[in-house]
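Please take a first look at the protein shown here. The report after it moves from the whole chain to single residues.

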Amino acid sequence: MQTRFDNVMRMDGAIAVEQTNKVLRNTYMMLGLTMIPTVIGAYFGMSLNFAFAAEHPFMFAIGMLAVMMGLFFGINATRDSGLGLVLLLVLTGFMGLMLGPILQVALNLRNGAEIVGLAAGGTGAIFLTLAGIATTTKKDFSFLGKFLMVGIVLLILASLANIFFQIPALALTLSAVAVLLFSGFLLYDVSRVVNGGETNYVMATLAIYLDIYNIFVNLLQLLMAFMGERD
């Protein structure tokens, strides 16, 4: 009787591991797919005129957040259907489009292409390192959740405040904090998938994509500030 019970437990454990591995594989596959609309969006974003964003940064930020929140709600509501996948790709295309202003500034630097490449490479290195740690150790990093949520709320409030104050030193500090904070989120989100805390690959992809996106943007801002060569 005990042997039969042990066999059932092993089978259940093997099924759970296989399900987790399937979610992780689908998440990484979808993550690669989301880069396509992101790159396309960024390409078109670089050719757009963002004068309104420069003249009315607060209104632009609120409008951008409104679109993002609407898409987040839609993705969450349809995450178990094909529509959720479509909305995820729409969101990543929009996020790519919103890279336009910072890429325009970066590529106007003499070494702009090098800086963008370094930011992309650094983001990739951070992702591979932290995803590797979460996957190989299988350590549960859920204890980071409350700390990270408090951190992101404070970061958003400080970023909105700095739109008015325009303090360069504060902007750099916030970018450095953001890189650390979203690196923590990356570790947390991959760990949730590895340990079965997130079983929907659309939502898992969304979370990890946003981590990578924010690491890239803030790392790019830091590199532009410290390495940018202006004419």
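## Basis of the report

This is a predicted model, in which local features need pLDDT of at least 70, side-chain atom pairs count only at pLDDT 80 or more, and totals for chains, interfaces and linings use all residues. Residues are numbered from 1 along each chain as its sequence is written, and side-chain values use heavy atoms, with hydrogens and water left out.

## Overall fold

The protein has nine helices and zero strands. Helices (H or I, at least four residues) and strands (E, at least two) are DSSP runs, numbered from the N terminus. Along the sequence the pattern reads α-α-α-α-α-α-α-α-α. Taken along the principal axes, the C-alpha atoms fill a box of roughly 80 × 35 × 30 Å.

Contact means heavy atoms within 4.5 Å. Among contacts with a separation of 6 or more, 84% join residues 24 or more positions apart.

## Burial and surface

The protein has 231 residues, and 40% of them count as buried. Buried means under 20% relative accessible area, exposed over 50%, and partly exposed in between (1.4 Å probe, protein chains only).

The accessible surface comes to about 12900 Å². Carbon and sulfur atoms hold 71% of that surface. Such areas come from the Shrake-Rupley method with a 1.4 Å probe; for residues, only the protein chains shown count as cover.

## A nonpolar patch

Leu33, Ile36, Ile40, Tyr43, Phe44, Met46 and Leu107 form a nonpolar patch on the surface. Together they have about 680 Å² of accessible area. Patches are made of residues with over 30% relative accessible area and no salt bridge; like charges are joined within 9 Å, nonpolar side chains (Val, Leu, Ile, Met, Phe, Trp, Tyr) within 5 Å.

Helix 1 gives the largest share of the patch, five residues. Ile36 lies in helix 1. Its relative accessible area is 48%, so Ile36 is partly exposed.

## A buried threonine

Thr34 also lies in helix 1, which spans residues 2-45. Thr34 counts as buried because its relative accessibility is 0%. Leaving out residues up to four places away in sequence, Thr34 touches Leu88, Leu89, Thr92, Thr205 and Tyr209.

## Charges and a salt bridge

The protein has 11 positive and 12 negative side chains. Lys and Arg count as positive and Asp and Glu as negative; His and the chain ends are not counted. The centres of the two sets lie 9 Å apart. Each charge is placed at NZ of Lys, CZ of Arg, CG of Asp or CD of Glu.

Side chains of opposite charge can pair when their charged atoms come close. A search of the whole structure finds one salt bridge, meaning a side-chain nitrogen of Lys or Arg within 4 Å of a carboxyl oxygen of Asp or Glu. The partners are Glu198 and Arg192, with their closest N and O atoms 3.6 Å apart. Glu198 is buried, at 14% relative accessibility. Arg192 is partly exposed, at 28%.

## The loop between helices 6 and 7

Leu144 sits in the loop between helix 6 (112-137) and helix 7 (145-165). At 18% relative accessibility, Leu144 counts as buried. Beyond its neighbours within four places in sequence, Leu144 is in contact with Gly184 and Leu187. Gly197 is 53 residues from Leu144 along the chain, and their C-alpha atoms are separated by 14 Å.

Lys138 is found in the loop between helix 6 and helix 7. Its phi is near 55 degrees, a positive value in a residue other than glycine. Most residues other than glycine have a negative phi.
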